[in-house]
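Please find below a colleague's note on the model under review. It is set out as numbered points for discussion.

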Amino acid sequence: MVDTIISHSVEETAALGRSLASTLRRGDVLALCGDLGAGKTHFVKGLAAGLGAGDIVTSPTFTLIHEYVGGRLPLFHFDFYRLEDETEAIKIGLEEYLDGEGVCAIEWAEKFPALLPDGTRWLRFTHAAGDARKIEETSAPTA
């Protein structure tokens with residue numbers, strides 16, 4: 001992935017996820033940061049499609065985690081938005097997923113960066129003009 005890309009539509013954001021999926025390996029962790037409606041879940045829809053998961057992808061805001069299996073690699077989609085502290089993330093089994101056989105995509109990962117392993121890929125999603133979104137890969141979480 002390029003350091004910064006501008007997506008002009010939901011479809012382009014999903015296409016970026018599909019493209020990135022082809023490069024992912026077991027144990028990869030993607031930390032997805034950004035405001036509500038910035039495109040994180042649409043990106044994960046593309047990841048799931050690119051990995052070959054046939055499931056309909058939705059935000060795990062209330063369930064905290066969705067598992068998408070059946071593709072080249074399992075995809076574990078987390079949402080930390082409603083979690084109050086690191087203990088809650090640990091209680092849902094985060095560590096086991098991080099050490100598991102699939103790929104983890106974590107929305108609102110910036111809330112608990114210390115829980116994520118070295119090598120985590122940090123992606124910041126921000127609103128741009130109109131329906132556009134800026135997606136930046138950074139070396140660490142940003143506020």
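The points that follow concern the strands, their pairing and the helices of this predicted model.

1. Seven strands make up an open sheet of mixed pairing, arranged in the order 1-7-6-2-5-4-3. Its edges are strand 1 and strand 3 (65-68), each of which pairs on one side only. On average, and with direction ignored, neighbouring strands of this sheet are turned by 20° against each other.

2. Strand 1 (residues 4-7) pairs with strand 7 (residues 133-138) in the antiparallel sense, over four bridges. Within this pair, I6 stands opposite K134 of strand 7.

3. Strands 6 and 7. Strand 6 (residues 121-127) runs antiparallel to strand 7, and six bridges join the two. Here T126 has K134 of strand 7 as its bridge partner; K134 also stands opposite I6. The hairpin of strand 6 and strand 7 has five residues between the strands, and in it G130 adopts a positive phi near 60°.

4. Strands 4 and 5. A parallel pairing is found between strand 4 (residues 75-79) and strand 5 (residues 103-107), with five bridges. One of the contributing positions is L75, whose bridge partner in strand 5 is V103.

5. Helices on the sheet. Helix 1 (residues 10-21) lies across strand 1, strand 2 (29-34), strand 6 and strand 7, and runs at about 140° to strand 1. Helix 2 (residues 40-51) also packs on the sheet, where it touches strand 2, strand 4, strand 5 and strand 6. The direction of helix 2 makes about 155° with that of strand 2.

Notes
Residues are numbered from 1 along each chain as its sequence is written. This is a predicted model: local features need pLDDT of at least 70, side-chain atom pairs count only at pLDDT 80 or more; totals for chains, interfaces and linings use all residues. Side-chain values use heavy atoms; hydrogens and water are left out. Two strands pair if DSSP finds at least two bridges between them. Axes are lines fitted to C-alpha atoms, for helices over the stretch in contact, and angles run from 0 to 180 degrees between N-to-C directions. Contact means heavy atoms within 4.5 Å.
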